[in-house]
Structures are given as structure tokens and as C-alpha cells.
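Please read the sequence alongside the model shown here. The paragraphs after it go from the overall fold to single residues.

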Amino acid sequence: MSFGRFDRGVDEAPMSDINMTPLIDVMLVLLVIFIITAPLLAGHIALDLPKVDTAAAQRAPKSLSVSIQKDGKLYLGDQPTTLAALTARFAAAAKARPDTELRIRADTAAPYGDVAQVMGAAQGAGLDRIGLITQPAAATSGAVR
């Protein structure tokens with residue numbers, strides 16, 4: 001590999017070109033490795049499954065959405081309600097479909113006791129799938145509060 005002559009004259013500047021051959025060689029080796037390993041990473045098995053008559057697919061679990069405002073007002077869906085009415089609705093939903101999911105949307109300033117009462121009423125009625133709906137934190141916020 002030659003980078004230039006040793007007997008430079010006064011007029012000649014040193015060679016300032018980058019030798020790209022090693023970089024291209026490494027790139028081609030990596031490309032070959034990725035081409036060979038990509039099919040192995042797919043991880044699927046091709047099967048010809050038998051066709052049979054089956055029952056209808058199970059439905060996704062039903063869900064109830066309860067909202068709690070900061071002043072303690074309760075909403076089932078978008079309809080105002082009371083804790084007693086919620087308890088009756090939870091019992092009816094649990095009886096109809098035990099896998100019903102309860103989604104609670106509570107205001108940040110809502111009293112913890114109100115949220116706990118709704119959760120307790122749901123568990124007492126037989127609903128054990130309870131989720132708390134939140135909003136994702138801002139991407140610029142890196143600190144935990």
C-alpha cells in the first residue's frame with residue numbers, strides 16, 4: 001500500500017486523501033453477516049394448520065369506565081352517578097361477565113379516599129380487574145416527582 005513518494009520535491013504537498021478500502025471491506029463483511037442472520041431472527045415456523053369447525057372466538061372482556069373529579073363527583077362513562085348506583089352497576093356487571101374490567105380515571109387532585117371507595121366497591125361486587133388510567137409524562141420531563 002503506497003501513500004506517496006518519499007522523495008518529495010519542494011512543490012508537492014503531502015497526500016491528504018482518506019483510504020476508503022478498509023472501511024468498505026468492513027461494511028461489506030457486516031452486510032454479509034446481517035444478510036445471513038436476518039432470516040434466523042425472524043423466528044417463525046411455517047405450518048399448514050388443519051381446518052376444523054370451532055366455536056366462536058371469545059369476546060374481549062367488557063370494560064366499565066369510572067371518572068372521579070377533584071370535587072368527588074363520580075361518572076360512569078359520561079353520566080353522573082353515585083357510589084350506591086356504582087356498586088349496583090358493578091354487581092350487575094360482575095354477575096353478567098366476571099372478567100369485566102374497571103378503568104378508573106381520577107383527577108390528580110381527587111381525594112385518595114374517593115378512589116379507594118370506588119375500588120373497594122368494585123372488589124366487593126366481584127370485579128378484580130381494575131386499572132388506573134393515566135397520561136404519559138412529558139418527554140422533556142426527566143425528573144421523578
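What follows covers the fold, the sheet, the helices, the salt bridges and the surface.

The structure is a predicted model, in which local features need pLDDT of at least 70 and side-chain atom pairs count only at pLDDT 80 or more, while totals for chains, interfaces and linings use all residues. Residues are numbered from 1 along each chain as its sequence is written, and side-chain values use heavy atoms, with hydrogens and water left out.

The protein chain has three helices and five strands. Helices (H or I, at least four residues) and strands (E, at least two) are DSSP runs, numbered from the N terminus. Along the sequence the pattern reads α-β-β-β-α-β-α-β. Of the 145 residues in the protein chain, 14% are buried; buried means under 20% relative accessible area, exposed means over 50%, and partly exposed lies in between (1.4 Å probe, protein chains only). Among contacts with a separation of 6 or more, 68% are between residues 24 or more positions apart, a contact being heavy atoms within 4.5 Å.

The sheet comes next. Its five strands are arranged in the order E3-E2-E1-E4-E5, and the sheet is open with mixed pairing. Strand E3 (79-81) and strand E5 (129-132) each have a single partner strand, so one side of each lacks a neighbour in the sheet. From one strand to the next the twist averages 30°. Two strands count as paired if DSSP finds at least two bridges between them. Strands of a sheet pair through backbone hydrogen bonds, either parallel or antiparallel.

Which strands pair in the antiparallel sense over three bridges? E1 and E2 do, and in this pair Ile68 has Leu74 in E2 as its bridge partner. The two strands form a hairpin with five residues between them, and Gly72 in the turn has a positive phi of about 95°. E1 and E4 run parallel and are joined by six bridges.

Helix H3 (residues 112-125) lies across E1, E2, E4 and E5 and runs at about 170° to E4. Such angles run from 0 to 180 degrees between N-to-C directions, with axes being lines fitted to C-alpha atoms, for helices over the stretch in contact.

Ala106 can be followed as one residue of this part of the model. Ala106 is in strand E4 and touches Ile68 and Val115, leaving aside residues up to four places away in sequence. Ala106 and Leu132 are 26 residues apart in sequence and 7.8 Å apart in space, C-alpha to C-alpha. With a relative accessible area of 34%, Ala106 is partly exposed.

Now the charged side chains. Side chains of opposite charge can pair when their charged atoms come close. The structure holds four salt bridges, a salt bridge being a side-chain nitrogen of Lys or Arg within 4 Å of a carboxyl oxygen of Asp or Glu. Lys73 meets Asp71 in one of them (3.9 Å, N to O), and Lys73 is partly exposed at 46% relative accessible area. Arg97 pairs with Asp99, with the closest N and O atoms 3.5 Å apart. Is Arg97 buried or exposed? Arg97 is buried, because its relative accessible area is 16%, whereas Asp99 is partly exposed at 29%. Glu101 forms a salt bridge with Arg103, the closest N and O atoms being 2.8 Å apart. Salt bridges that share partners join Glu101, Arg103 and Arg129 into one network.

The surface comes last. The protein chain has an accessible surface of about 12000 Å², of which 61% belongs to carbon and sulfur atoms; areas come from the Shrake-Rupley method with a 1.4 Å probe, and for residues only the protein chains shown count as cover. A nonpolar surface patch of about 800 Å² is made by Ile18, Met20, Leu23, Ile24, Met27, Leu28, Leu31 and Ile35. Patches are made of residues with over 30% relative accessible area and no salt bridge, with like charges joined within 9 Å and nonpolar side chains (Val, Leu, Ile, Met, Phe, Trp, Tyr) within 5 Å. Met20 lies in the segment before helix H1 (21-42) and is partly exposed at 44% relative accessibility.
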